[in-house]
Amino acid sequence: MELSRKIEEFVKSYYNRLPFSGAVLIKGEQTRYEGEFGLANRSEQIAITSRTRFGMASGCKIFTSVAICQLVEKGLLTFDTHLKDCLPISFPHFHPDITIHHLLTHTSGIPDYFDEEVMSDFEELWKAVPMYSIRSPYDFLPMFQDNPMKFEPGKKFSYSNAGFILLGLIVEKVSGMSFPDYVKEHIFRACDMSDSGYFRMDQLPERTALGYIDSDEDHTWKTNIYSVPIVGGPDGGAFTTVLDLDKFWNGLWDGKLLNKEYRERLLTPHENSKNDLYYGYGVWILKKEDEIYKFFIFGFDPGVRMHSSVNVKLKTQTHILSNIEQNVVPIVMEVDKLFSS
């Protein structure tokens with residue numbers, strides 16, 4: 001109870017441009033804390049609850065990676081399968097040696113439609129391509145398929161949203177299902193994640209938080225409906241709850257999604273990003289003293305911030321979903337500090 005009180009006090013006092021708005025679920029061996037803060041809908045004054053659905057942004061790349069690993073486990077692909085052998089699509093400047101592994105680990109060298117190394121404003125994309133035209137993974141292709149490579153496959157780590165678009169297209173090609181339907185059937189349903197899905201921004205279901213973009217200049221706000229694709233893709237944009245995130249990680253550990261061999265492959269620190277930070281397949285991995293400290297996913301879009309982690313050293317889970325543009329990492333760091341003290 002004392003630990004839960006300290007977590008709640010910190011979140012309530014945390015102020016980074018705005019008071020925190022979102023849902024929090026913290027689990028330890030002897031502790032469980034659920035916190036709900038702020039409004040899911042400001043106009044209607046609807047409060048956030050633990051069952052409120054939030055956008056995940058890039059946090060859902062792990063679903064794409066699990067889907068690919070499932071297909072490999074079934075013998076329908078290998079991690080060494082070449083991209084050129086997977087899709088009947090022309091990529092005139094892509095290197096022929098790009099593999100599934102390269103795409104999963106951001107080492108393919110393909111051009112990105114939104115290169116986070118040089119771009120910062122996601123909304124700028126939709127000046128040339130209307131966000132309402134992005135309804136499937138194929139709709140992303142014109143934004144990068146004819147562009148030159150950034151580097152040869154395997155040469156370095158460079159975060160690539162386009163790489164996960166291609167992985168989603170491979171899932172569709174191999175499974176014969178649309179990407180959202182595949183994830184719903186083989187991941188969400190398998191883990192009983194009944195509140196998760198790839199929802200249209202103009203058809204959001206009940207209990208879905210609107211994402212808010214607040215202006216520091218004139219102290220106004222707007223929702224993010226015109227700032228992100230109308231339907232999220234394999235690189236980001238699913239909706240979930242903190243309770244469903246808990247179900248996902250538990251399902252992954254319990255073998256509901258992958259057997260032990262492929263779960264370990266997913267969670268292997270394949271590529272070093274910087275210092276003690278590594279990347280597996282769709283998941284970030286933090287090491288301390290050359291040992292794995294935690295696995296985590298995070299995402300940020302206009303009006304979206306999220307972080308979900310399993311700390312293997314502290315034996316805790318931390319799930320944070322927010323519908324405002326506010327850094328949630330300080331909350332994560334404080335939780336780790338409280339559990340380690």
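In strand β14, Phe-295 is the bridge partner of Ile-285. Strands here are DSSP runs of E with at least two residues, and helices are runs of H or I with at least four; both are numbered from the N terminus. This is a predicted model: local features need pLDDT of at least 70, side-chain atom pairs count only at pLDDT 80 or more, and totals for chains, interfaces and linings use all residues. Residues are numbered from 1 along each chain as its sequence is written, and side-chain values use heavy atoms, leaving out hydrogens and water.

Strands of a sheet pair through backbone hydrogen bonds, either parallel or antiparallel. Two strands count as paired if DSSP finds at least two bridges between them. Strands β13 and β14 (residues 291–301) are antiparallel, with 5 bridges. They form a hairpin with 2 residues between them. Glu-289, in that turn, has a positive phi of about 55 degrees.

Now step to β12 (residues 277–279). It runs antiparallel to β13 (residues 284–288), joined by 3 bridges. Leu-277 faces Leu-286 in β13. This hairpin has 4 residues between its strands, and Gly-282 in the turn has a positive phi of about 75 degrees.

On to β15 (residues 304–311). It pairs with β14 over 8 bridges, again antiparallel. Here Lys-294 stands opposite Asn-311.

Zoom out to the open sheet. Its 8 strands follow the order β4-β3-β16-β15-β14-β13-β12-β11, with antiparallel pairing. The edge strands, β4 (32–37) and β11 (271–274), each pair on one side only.
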